[in-house]
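Hello,

Here is the structure you were going to look at. My notes on it follow below.

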Amino acid sequence: MFTKKKRQDSAAKRGRRHPLANVALIAIGLIATGGAYAGISSATAQTESTVVSQASVEDGEKLFQANCATCHGFNLEGSDEAPSLIGVGAAAVDFQVGTGRMPMQAHNVQAPEKPVQFTDDQISSLAEYVASVAPGPAIPEEQYLDADGDAANGAELFRINCAMCHNVAGAGGALTEGKYAPSLMGVSEAHIYEAMITAPQNMPVFNDMNLSPEDKRDIITALKFMENEVSVGGHPLSSLGPVAEGLFIWIFGLGSIIAVTVWITAKSN
Amino acid sequence: MAHDDNSGAELAAAASSDHGPENNVSTGTAVVANDAVENPGFPPHRQRVTDLNPKKERTAERTVYTLFYLSIIGSVWAIAAYMLFPIEPENLLSVRLNNLFIGVGVALALLGIGIGAVHWAKALMADHETIDERHPVRGTDETRARAVEIFETANEESGFGRRTLIRNSLLGALVAFPLPAVVLFRGLAPEGQDPVALLNETAWEAGTRLARDPSGVPIKASDVTLGSAFHVIPEGLSEMDHMLEEKAKAIVLLMRLKPEDLNEREDRKGWSYDGIVAYSKVCTHVGCPVALYEQQTHHLLCPCHQSQFDVTNHCAVIFGPAARPLPQLPIAVDDEGYLIAQSDFQEAVGPSFWERH
């Protein structure tokens, strides 16, 4: 009696629930979690302080002492934790603070890009202050940032000087011991230029004797071309090369072949 | 376990009666299983919904012809898409749309036929299980005798066994005909030159200026600021014969470190200039270009197999499959301030080869 009832129960359950119900449930759960997370993180990204201040060396000094001096020292002399900022110039400040890399959140192998912590005015105050202590590379001139140079020359220079770390499509790549060259897609023209002249973190310097300002303009042009032009071959799969593409074909290509063979050999309902 | 009425036993009996005599061969050392698994036969025949329900049968029929019609639509669409979305020069989006829509049409055309045919066979065609017995591999005695006979006749009529001179000269010809290929392949190596010597030397000579890749503009020592990495070729490379072959061997990475960071060996103290060092960019593992220079850790990473070299220690291997340090190019500065090579590399660049020392 008991067993019979149980069997009926399970039959009823089987009748109520579609075999794909579990898969669908997991998919819905994942999408909901991912969506909620994306919403929350973009919401936090938008919370920025809206303090507007006059760009000036004094403001920059105050900001520096409040936010940077703990590690970089009150006179920019650096400490065991952080390098000296004497002579790094306005360009380095604009790059590091303007991409959110500084202030650093945690001491790690590499400072990652994150939501910017200061307003544009505050960043230029900081940059002016650091540049006033000792001269260094200045924020690049507008004429080199118009992304209207020779894209072909820029692409050749990019392949020779940059592509080994940043990937031939500018998608970024891995370095040693957890460090990485970040993706260059979506990086502003000024930040690309500043990175080349100030050598943030483990990136080597590409000074104006190595790549002239015109060459840098061409490289920026090539990068912006890659960013904005459609990819003829369809979806680029993050342009990560054989790993991403191989994984895709192994999972979806072979997966669909297996699904089709199972369907062909299965008995009809 | 369910048993079909006309299962195993009958089939086994039929099989043994078909070719009983041939099966009486010695089993030799093979293990004869006395308790071999019994043929379970067919599972009970289960009728499909299309056999039981005429409505479902009609649905299946409709699905199949709809799929075939879809295939026709796909083919026509592919032709239409070819005309509607032509490839316009200079417009990458047009290439993409052209590929996409023609591809969708052709995929629909082929998948429609394929899926329709399989569904037709599975849902509507007659459904009964049969067994196709595998034919015995051994031919009948007659066939075997006939085969031997054919060979003998052929041998007799052609005189292959009898006319030994013809046979042997044919064998000689067969041996000789691949030889030209061997000689021709050897000809792919540089003519009149020793490949070992070619691999041992590069375009660098004493006094050759270090120049930027790709412009070929020579580099002054003062251009190379601290933390810089220059991609270097020998000056005048573009005028050389076999420029790309020379470039493949001669590429160099130039870096400037703080002089106190370099741990230089006594015999190589003179190979750098004020912290500027030059190393071959060809990995000693399998020859990928090693140029992922980290200016703070002074590590060089090869992107192919993750070999790591320590620039402060004469590019000693600190990780990965490379077996040797990267060869160092001895450099100096001429009277005009340009960086020059003191000599060629002191050892062969790139991966190992038999005669490398």
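This is a predicted model: local features need pLDDT of at least 70, side-chain atom pairs count only at pLDDT 80 or more; totals for chains, interfaces and linings use all residues.

**Domains of chain A**

Where the two touch, 15 residues of domain 1 of chain A and 14 residues of domain 2 of chain A take part. On the domain 1 side of this contact in chain A, there are 8 nonpolar, 5 polar and 2 charged residues.

**The annotated site in chain A**

Which residues does UniProt list for "binding site"? The unreviewed entry gives Cys68(A), Cys71(A) and His72(A). I looked at two of these in turn.

Cys68(A) sits in a loop of chain A, between α3 (57-67) and α4 (69-72). Is Cys68(A) buried or exposed? A residue counts as buried if 20 or more other C-beta atoms lie within 10 Å of its own. Cys68(A) has 23 C-beta neighbours inside 10 Å, so it counts as buried.

His72(A), by contrast in location, belongs to helix α4 of chain A. His72(A) is buried because 23 other C-beta atoms lie within 10 Å. Leaving aside residues up to four places away in sequence, His72(A) touches Gly78(A), Ala82(A) and Leu85(A).

**A strand pair in chain B**

In chain B, strand β4 covers residues 276-280 and is mostly covered, with 5 of its 5 residues buried. Which residues of β4(B) point which way? Ile276(B), Ala278(B) and Ser280(B) point one way, while Val277(B) and Tyr279(B) point the other way, and all are buried. The partner of β4(B) is strand β3 of chain B, residues 252-256; the two run antiparallel and are joined by 5 bridges. As an example to find on screen, Leu253(B) stands opposite Tyr279(B) of β4(B).

**A helix in chain B**

Helix α4 of chain B takes in residues 92-123, which is 32 residues. From first C-alpha to last, α4(B) reaches 45 Å, close to the 46 Å expected at 1.5 Å a residue. Gly105(B), Gly112(B) and Ala123(B) are buried in α4(B). What do the buried residues of α4(B) pack against? They pack against α2 (49-52) and α3 (54-84) of chain B.

That is what I have for now.

Regards

Methods. Residues are numbered from 1 along each chain as its sequence is written. Chains are lettered from A and ligands numbered from 1 in the order in which they are written. Two residues are in contact if their C-beta atoms, placed from the backbone, lie within 7 Å. Ala, Val, Leu, Ile, Met, Phe, Trp, Tyr, Cys and Pro count as nonpolar, Asp, Glu, Lys and Arg as charged, and the others, Gly among them, as polar. UniProt positions are given in the numbering used here, feature names are shortened, and annotations may be inferred rather than shown by experiment. Helices (H or I, at least four residues) and strands (E, at least two) are DSSP runs, numbered from the N terminus. A residue is buried if 20 or more other C-beta atoms lie within 10 Å of its own, exposed if 12 or fewer, and partly exposed in between; C-beta atoms are placed from the backbone. Two strands pair if DSSP finds at least two bridges between them. The expected span of a helix is 1.5 Å times one less than its number of residues.
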